[in-house]
Amino acid sequence: IAALITLFLIYYLCKLLKLPMVLRFFIVGFIASCYGFWWYSVECETYIMPLPFLSLSFIQLIKIQRDLAKSSHHLLLAIFVALAILFHQQHILFGFIIILGYLIIYWNQHHRVERGVFLRELGLYVFCSGAITVASYLAVAIFVKGYYSYTGIWTWVQGHGTADVWGEWTITGPIKACIGFFRAFLGGHFIFSFEKFSQIIHKALSNFMLREETFLVAHFSVAKKVALSGLSFIVLICFAYVLVKIIKDGSWKEVATHIHRRLLLYLFLLYVVVYSVFNIWWEAQNIEFWVSLIPVVALLMGLFLAPIVYDKRVKIALFVGIIGLFMVNLIGSVLPQTTHKYDYWYQANSWLIQNFRQDDLVVSGSGYISDIYLRYYSGAKILSTLWSEDGIYKEFQKYVTRYKPHRIYFLSTIKNPPNEIINRFDIDNSSAEQFFEKHRPHLKEVYRDSLQKVYRYQTDIK
């Protein structure tokens, strides 16, 4: 639903910018066909939910540009920006980008807008957006999570940021960013079906678990690999042609002649730069963090295409490129993920999913993705030894006391978790290994496969 609302709002924004009708449909079709937007619209909407509010914010800025003195415009903008931030913390960056939008609007209107009026409305936006965001976090932290100290609240607000495993500059960061950025548009899962290329990617992203990508397309025939590769090449050629056409014809210069387009041009460019720099620093290869750039890149492309979109060759290139993008992502990325047959984590945990029950407790070191599968499909309570707030011994006793499990299972990954996770999060697993060895005399092996061994705990826990 969030994706459909976003597409509608993008179309409306294009209308406000007076982009040609055909170009509006090209932009909407392009966004809908991009892998990151498409897949996260149907699989996990976490990264799509902020997009309607980002779109509404850009629309609201146009209204502010028309009437800066109307306070209701600024209040609505503050609400939209706050909601975007609350749905995903990444968009704190957007709140600051909006301030630049205010400065641009005032710079163009300073001869007829009093400075006091401008500062009042800017202050209204900053105060209201900040107040809504902070109040929401405090309300959840205190009344839902039960944190009352500054330290507890701040630790919760930071979330995974406290792990100190992201937020670093590396030489390979820009390369990983290119991979993440382009895969947000063209999923390219079929590439992992080429063994040599797959090995190169695994080496380049050695701390990033790519088992599911490789397993997903292992069944692809040679004909399908070649067809998808050829179609992907055509897509790249089409969009490269459009880009060259924009540069050669100088159509990008005409954007400055339209007041609303000029405002959003500056903001779109800043948005792409700021978010890209942040993603390179944070987690460059992760598609999820690039999803929010897809509509902005599409709109930015639309601004430059407006003067030349009626060129017959440009229209053909856009049409072929978007249809090709749709087909490559559909056949090479989306459809294979709609069945458990090619789902690595489901297949790797198939015995556990079939045999664990809701009243079981499973102690695991397999990582959050595997644990989520077990929790979702079997209903069992999962205790991860990789991340425990109070230490694994206390957490174990807490789970036993709280849930009173009928059966308790230990997975061998407690002692031997996946190397990708250990390296990526720089985890000291010694405590978990000691925990496993302490209980080893009470464990009876009930199943094993290439990924792990499963033990049932044989002694009642007092």
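Trainee: What should I know before reading any numbers?
Mentor: This is a predicted model, where local features need pLDDT of at least 70 and side-chain atom pairs count only at pLDDT 80 or more, while totals for chains, interfaces and linings use all residues. Residues are numbered from 1 along each chain as its sequence is written, and side-chain values use heavy atoms, with hydrogens and water left out.

Trainee: At what angle do α6 and α13 pack?
Mentor: Helices (H or I, at least four residues) and strands (E, at least two) are DSSP runs, numbered from the N terminus. Axes are lines fitted to C-alpha atoms, for helices over the stretch in contact, and angles run from 0 to 180 degrees between N-to-C directions. For α6 (residues 92-109) and α13 (residues 259-282), the axes lie 10 Å apart and the packing angle is about 155°.

Trainee: Which word describes the direction of α6 relative to α13?
Mentor: Angles under 35 degrees count as roughly parallel, over 145 as roughly antiparallel, 65 to 115 as roughly perpendicular and the rest as oblique. The angle here is about 155°. That makes α6, relative to α13, roughly antiparallel.

Trainee: How many nonpolar residues are in the contact of α6 with α13?
Mentor: Contact means heavy atoms within 4.5 Å. On the α6 side the residues include Leu93, Phe94 and Ile97, and they meet α13 residues including Arg262, Leu263 and Tyr266. Ala, Val, Leu, Ile, Met, Phe, Trp, Tyr, Cys and Pro count as nonpolar, Asp, Glu, Lys and Arg as charged, and the others, Gly among them, as polar. By class, the contact of α6 with α13 has one charged residue, two polar and, as for nonpolar, 14.

Trainee: And how is α3 placed against α15, going by the angle?
Mentor: The axes of α3 (residues 35-42) and α15 (residues 312-334) come within 10 Å and cross at roughly 50°. That makes α3, seen against α15, oblique.

Trainee: Which α3 residues meet α15?
Mentor: On the α15 side, look for Phe326, Asn329, Leu330, Ser333 and Val334. Their partners in α3 are Tyr35, Trp38 and Trp39.

Trainee: How do α2 and α15 run relative to each other?
Mentor: The axes of α2 (residues 21-33) and α15 come within 9 Å and cross at roughly 20°. The two helices are therefore roughly parallel.

Trainee: Is strand β1 enclosed by the rest of the structure or open, and how many of its residues are buried?
Mentor: Buried means under 20% relative accessible area, exposed over 50%, partly exposed in between (1.4 Å probe, protein chains only). Asp360, Val362 and Ser364 cover one side, with Leu361 and Val363 on the other. β1 (residues 360-364) is largely enclosed, because its buried residues number five of the five.

Trainee: Which residue in β3 stands opposite Val363?
Mentor: Two strands pair if DSSP finds at least two bridges between them. β1 and β3 (residues 407-411) pair in the parallel sense over four bridges. Opposite Val363 stands Phe410.

Trainee: What is the relative accessible area of Tyr344?
Mentor: Tyr344 lies in α16 (residues 344-348), and beyond neighbours within four places in sequence it is in contact with Arg211, Glu212, Phe215 and Leu451. Tyr344 is buried, with a relative accessible area of 16%.

Trainee: Where is Asp449 found?
Mentor: Asp449 is partly exposed, at 27% relative accessible area. Asp449 is found in the loop between β4 (443-448) and β5 (453-457).
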